[in-house]
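My entries follow the structure.

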Amino acid sequence: MTQRTLSELKAMSQSRAVPYGESITVQVVKRGHVANFTDANGQQAEMLNFSIADQTGAMLATLTDKTKHGRIIEGKTLHVRDFILKAGKVALSHRSTIMMKPKMEIESSILETAMQLIMPASPVKKLTETKTAPIRSIFTIQGQIVKVCSLLYELSNTDVKIMFNIFVYRILQQLCITS
């Protein structure tokens, strides 16, 4: 059985799902979230998302066989057979074979790329933009802590002191949000 690299798989990536009879040896870089979905038969299923890397590159991968989720351990090297190449991702299923292999050495730049695939950086926003952002928005604020403020709230006749840090840009060093 021929073994391929991730860069070779990327080069032959197609828009439709293609079963792949050859094998790859990869390192699991980062486990992502488990997505719940309904499969084509109308049954509930789970899909584990994770990033993989070898000496030539990094890719996203998915695993739909719940019994094999325990084999996907960050930092472990795996030899994988019988997977599907789908939309530029390696898709593993109950038909896939996953075997442990000795640790593989990979460049730190490739590992960082693989980490960014599963955990992309949140967009950077200015402090003024965050005040009007919707609840539960994800973003990054860059700046420095210039003041630690405390507020006193009355909650069910009990005084609760809440400490929080305020991140502001140097231009807004005197700003303290109190609401």
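**Entry: second largest pocket.** I looked up the second largest pocket and noted a volume of about 180 Å³. The model is a predicted one, where local features need pLDDT of at least 70 and side-chain atom pairs count only at pLDDT 80 or more, while totals for chains, interfaces and linings use all residues. Residues are numbered from 1 along each chain as its sequence is written, and side-chain values use heavy atoms, with hydrogens and water left out.

I wrote down how a pocket is found: on a 1 Å grid over the protein atoms alone, it is an open set of points with protein on both sides within 12 Å along at least five of seven lines, whereas a cavity is a set where a 1.4 Å probe fits but cannot get out; lining residues have an atom within 4 Å of a point. Points are joined across faces, edges and corners, and a volume is the space filled by probe spheres set on them.

The lining here includes Phe37, Asp39, Glu46, Thr64 and Lys66. Strand 3 (residues 44–54) gives the most to this lining, three residues; strands are DSSP runs of E, at least two residues long, numbered from the N terminus. I sorted the lining of the second largest pocket into three nonpolar, four polar and three charged residues. Here Ala, Val, Leu, Ile, Met, Phe, Trp, Tyr, Cys and Pro count as nonpolar, Asp, Glu, Lys and Arg as charged, and the others, Gly among them, as polar.

**Entry: Lys66.** Where is Lys66 placed? I found Lys66 in the loop between strand 4 (57–63) and strand 5 (77–86). Lys66 counts as exposed because its relative accessibility is 55%, and exposed means over 50% (1.4 Å probe, protein chains only).

**Entry: largest pocket.** The largest pocket holds about 290 Å³ of space. Among its lining residues are Phe37, Met47, Thr64, His94 and Arg95. Strand 5 and strand 6 (89–92) are the elements that give two or more residues to this lining. Strand 6 gives the most, with three. The lining of the largest pocket divides into five nonpolar, four polar and three charged residues.

**Entry: cavity.** How many cavities of 30 Å³ or more does the structure hold? I found one. The largest cavity has about 40 Å³ of space. Its lining includes Ile24, Phe50, Ala61, Leu78 and Val90. I counted nine nonpolar residues in the lining of the largest cavity, no polar and no charged.

Technical notes. Helices (H or I, at least four residues) and strands (E, at least two) are DSSP runs, numbered from the N terminus. Buried means under 20% relative accessible area, exposed over 50%, partly exposed in between (1.4 Å probe, protein chains only).
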